[in-house]
Amino acid sequence: MGLQPLEFSDCYLDSPWFRERVRAHEAELEKTNKFIKELLKDGKNLIAATKNLSAAQRKFAHSLRDFKFEFIGDAETDDERYIDASLHEFSNFLKNLEEQREILALSVTETLIKPLERFRKEQLGAVKEEKKKFDKETEKNYSLLEKHLNLSAKKKELQLQEADNQVEQNRKHFYELSLEYVCKLQEIQERKKFECVEPVLSFFQGLFTFYHQGYELAKDFSHYKMALQINIQNTRNRFEGTRSEVEELMNKIRRNPQEHKRANHFTMEGYLYVQEKRPAPFGSSWVKHYCMYRKETKKFSMIPFEHRSGGKVGDAELFVLTYCTKRNTDTIDRRFCFDLEASDRPGVPVTMQAFSEEDRKLWMEALDGKEAVSLIFKIFFCSAQLDKIGFTIIKKCISAVETRGINDQGLYRVVGVSSKVQRLLSLLMDSKTCNEVDLENSVDWEVKTITSAMKQYLRSLPEPLMTYELHGEFIVPAKSGSPESRVNAVHFLVHKLPEKNKEMLEILVKHLANVSKHAKKNLMTVANLGVVFGPTLMRPQEETVAAIMDLKFQNIVVEILIENHEKIFKTLPDATFPEPISMSVSPPNAPPRQSRRQGQRIKRPLAVYNLCLELDDADSHSSPREDTPSGSMDSLSSQSPTPAFSSSPPGLLDGNHLIMDSADLAGWTTNLPAPSRSSMVSWMNIPAANPAATNAALASLLFPSPAAGTDGALESVAHRKARAVYPCEAEHSSELSFQIGAIFEDGKY
């Protein structure tokens, strides 16, 4: 279990447990700060101390290996697991470099030192400043509150009103500061993974450029680098979506905290001052307690807690409530007071003081006192329904998009003008005008207006398309299990949806699959569509920070739907499914790298398939280069360390290794479109103008000659033949075991 999310609603309760969670987040950030400082120190030593190069490398490697990122929530995505494992992988690379004694001129200031220093100063430094403000405001707020509560009720009404206003303004300022501090804490926790790892990744790329003797290791790193860039970009994209949702929730709670109270088993909870009576000469004292009450059992518990003394928690006290009575100011020289009587102490009332009259009324209502006040809850109604008009709207929008804008860059990501979107929606949702709206031929409606209207309609449904009831069940397989089990689980759950929901989902997912096929032009890959439609098709019933942290898993579910839509919607699920999915499965670590001298195959976390893109043969001769955002080449939703090929080269895939001869590879690379060849050639530092040189270089990458010191398990011996040069032991039922010298011919062993 990682760090617990900090709920914005808890800022208004400011409970002891909330303070404990805040301190846990602060401790984690302090640990990260120390880690970055140590990493920066080691990096500078690596640049300056050439005589102690090997020692500096080992220390740097240890720093990377020993640090582990904490995460918010109860699970990570595959991308985050690979990012977490990346520091350990970097450490392994450095261990192999210890044998290299060549003096290298390293220029890492711009790629490593400055980004980490900027992150530490601008991001972690900003959090430290926010913490100082938060601690100072805490002291000020509760000091002023205690002073205010000590005011005599006999003072003039005008003086009391002025004091009340001052306390209220100070309290609002404290809550504002608390909300911003909590938001900043969670933002930096999410941001630090890619902000810390990306500079280290850049450093490694530069480091291997100068190592001629480390050529084989640099080749392995290039594969890993490409996959990690996709992981980082996917994590960054999900972070942006999560951050906007968190900020929206924070603003909602800021506008009306009472409406967004979290549901729990307590009828009422919050701080009260409890009068503690002392012997006659000493009078009485008032001690702040955090109080909780359950109406069903009439159990009242209270825990003394003082914010200003370092947050020390006292012993809890529990009793069964008998009655609650309001105390008037003519019987006590304090305002907002009421008496409670416990069943085990009849005739001995406990006097308590609320923070305000409104607070007292809420407690009186919860405790069945004489003065009760009813909370008014706003109910919002939405006219969007899964009816005939709803299906007509979706079908009209999809038809218009596929006719007019299937190749538009940023389709579904670029939003329309709000006023135009609302106008189009009002026309479409009106049965009188719906059929008159012509989206396919009219120039009045831009494609971005149509896509925004469709997304807005789906978000306006009373219940998300994939239902509240099944929301948690859809999230579970996205957090664990093999790729096949994830697909099977989602397949099974889709067929549990109500018929109309399933029908609408099938129409939409089929369309999204079509959009992803045009990703070369519209740049909307499966992963990008998952980011857009995850929050649209799925949302939890209760809007909390913890739920928003699961947003990335919603995206993965949508990716699974798009990638496997034919199987999911056209076939029935296995009748024996579901089997229990264990949530305690530990995240898969990246396979360890072994020295070539050990005579064993090297396991690559992500192998040659990273060179494969989803491409159409019709585009193989296109000349202009299209820039595709880093990390958007493919979806990693159902990815394991050995996912299947999309546009596969000829050959045999065994576990983490591709078995292919040079002639097959040359033919496969020649058929790649110019843009993709250019991006691959650029990545490998090969002259792009010479196709023969490109193919030869790619072939040498996949099939290094024995003279060059090959580390692969197989070598090419003839057309469509391969011979094992190392033994291989299968790690899974889908893999092969073979001995040295085994021949693979035409895909057969």
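Modeller: Glu-187, Arg-191, Glu-195, Glu-240 and Arg-243 are joined in a network of salt bridges, a salt bridge being a side-chain nitrogen of Lys or Arg within 4 Å of a carboxyl oxygen of Asp or Glu. Side chains of opposite charge can pair when their charged atoms come close. By this rule the count comes to 34 salt bridges.

The model is a predicted one, in which local features need pLDDT of at least 70 and side-chain atom pairs count only at pLDDT 80 or more, while totals for chains, interfaces and linings use all residues. Residues are numbered from 1 along each chain as its sequence is written, and side-chain values use heavy atoms, with hydrogens and water left out.

One of the salt bridges joins Lys-192 to Glu-28, with the closest N and O atoms 2.5 Å apart. Lys-192 belongs to helix 6 (residues 157-209) and Glu-28 to helix 2 (residues 16-48), so this pair ties together parts that are 164 residues apart in sequence. Helices here are DSSP runs of H or I with at least four residues, numbered from the N terminus. Both Lys-192 and Glu-28 are buried; buried means under 20% relative accessible area, exposed over 50%, and partly exposed in between, for a 1.4 Å probe and protein chains only.

Arg-238 forms a salt bridge with Asp-79, the closest N and O atoms being 2.4 Å apart. Since Arg-238 lies in helix 7 (residues 215-255) and Asp-79 in helix 4 (residues 78-97), the pair ties together parts that are 159 residues apart in sequence. Arg-238 and Asp-79 are both buried.

Arg-65 and Asp-66 also meet through their side chains in a salt bridge, at 3.3 Å from N to O. Arg-65 is partly exposed, with a relative accessible area of 34%, and Asp-66 is exposed, at 57%.

Over residues 579-719 pLDDT stays under 50, and the model has 269 contacts beyond four places in sequence for them, a contact meaning heavy atoms within 4.5 Å. Residues 372-382 likewise stay under 50, with nine such contacts. Where pLDDT is low, the predicted coordinates should not be read in detail.

Definitions and conventions
pLDDT is the predictor's confidence in each residue, from 0 to 100. Helices (H or I, at least four residues) and strands (E, at least two) are DSSP runs, numbered from the N terminus.
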